Amino acid sequence: MAVIAISRQVAALGDEIAAAVAERMNYAFIGRKVIEQKIVELGFPAEKLKKYDERKPGFFASLAKDRDEYLDYLQTAVLEAASKGDCILIGRGSFIILEDLPNLISVRFVAKDHIRQQRLMKEFSWDEKQAQQRITESDNNRLGFHKSFFNLDHEDPEHFHLVMNTGILDIESASQIIVELSRQLITPEKEEAGKKKLSELLTAQRLVNALIFEHKLNISFLKAVIVDKKIVLQGVADSTALAEKAVAVSRSLMPDYLIESAISVVQDYKAYP
């Protein structure tokens with residue numbers, strides 16, 4: 001049926017509700033550890049995850065090549081997990097990575113600070129100051145993460161089918177709402193269209209990975225967009241020759257597609273310090 005993407009504030013019961021929905025619908029619950037493990041399996045160094053994973057990168061980390069590599073691996077991990085269908089993904093920008101899927105349900109969970117404080121104080125035996133510090137740190141990191149990697153405000157409700165206040169709704173009520181929303185919104189036609197779109201997105205991302213990681217083409221912000229049987233390459237390169245090489249390699253890898261370049265060429269462009 002649906003692919004469900006969850007965004008949540010810390011201590012807003014996002015993980016608990018997602019797990020309850022997964023149990024009700026017999027869906028796979030793709031949590032933090034699953035995505036992290038997949039990112040590392042794809043090739044990103046485990047010791048560098050803490051610089052980027054659902055947090056605002058520091059100044060130098062935001063300029064490093066690792067930043068773009070992490071995003072490529074993250075998008076691949078999310079797309080591969082979603083391609084198996086009938087799953088719930090939580091955090092790490094999954095709602096924006098998958099936003100074009102016709103069979104996507106995207107939900108965000110929020111709660112007032114004092115409610116989140118009480119939950120953290122109870123769970124970790126913290127005082128109010130410690131709980132608020134954790135809330136502030138987490139909120140800032142998640143805001144910075146989405147700004148840095150996706151250039152959006154993840155608190156904007158326009159990105160979601162539904163925003164739920166878990167200071168009002170309990171786990172059972174919230175999970176039941178999501179189940180009913182999925183049943184009402186996702187038709188067999190949307191599910192089939194979603195599978196097709198997901199296949200296109202994954203094919204495009206794997207082409208990008210091949211160009212960047214296998215063929216070592218130093219093109220910043222590289223993206224491939226598939227429309228029917230045409231692939232358009234986007235990004236920033238420091239020479240026309242590099243953009244032309246990307247097209248030539250893509251044609252050799254994807255002979256059944258028409259390859260076009262929309263790569264911007266900026267002379268003396270240096271992507272990383």
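In β7, V227 finds its bridge partner in K230. The strands β6 and β7 (residues 230-237) run antiparallel and are joined by 6 bridges; two strands count as paired if DSSP finds at least two bridges between them. Strands here are DSSP runs of E with at least two residues, helices are runs of H or I with at least four, and both are numbered from the N terminus. This is a predicted model, so local features need pLDDT of at least 70 and side-chain atom pairs count only at pLDDT 80 or more, while totals for chains, interfaces and linings use all residues. Residue numbers start from 1 along each chain as its sequence is written, and side-chain values use heavy atoms, with hydrogens and water left out.

**The sheet and its helix**

- The sheet is open, has 3 strands in the order β6-β7-β8, and shows mixed pairing.
- β6 and β8 (258-265) sit at the edges with a single partner strand each, so one side of each has no neighbour in the sheet.
- From one strand to the next, the twist averages 15°.
- Helix α11 (residues 240-253) packs on the sheet and touches β7 and β8 (contact means heavy atoms within 4.5 Å).
- The direction of α11 makes about 160° with that of β8; axes are lines fitted to C-alpha atoms, for helices over the stretch in contact, and angles run from 0 to 180 degrees between N-to-C directions.

**The largest pocket**

- This one holds about 900 Å³ of space. A pocket is an open set of points on a 1 Å grid over the protein atoms alone where a 1.4 Å probe fits, with protein on both sides within 12 Å along at least five of seven lines; lining residues have an atom within 4 Å of a point. The volume is the space filled by probe spheres set on the points, which are joined across faces, edges and corners.
- There are 36 lining residues, and L71, Q75, Q205, L222 and K223 are the closest to the centre.
- α5 (65-83), α6 (94-97), α8 (128-150), α10 (188-214) and β6 (220-227) each give two or more residues to the lining, with the largest share, 8 residues, coming from α5.
- By type, the lining has 20 nonpolar, 6 polar and 10 charged residues (Ala, Val, Leu, Ile, Met, Phe, Trp, Tyr, Cys and Pro are nonpolar, Asp, Glu, Lys and Arg charged, and the others, Gly among them, polar).

**The second largest pocket**

- Here the space comes to about 700 Å³.
- Of its 27 lining residues, R8, V10, R134, S138 and R142 are the closest to the centre.
- α8 supplies the largest share of this lining, 5 residues.
- The lining splits into 8 nonpolar, 4 polar and 15 charged residues.
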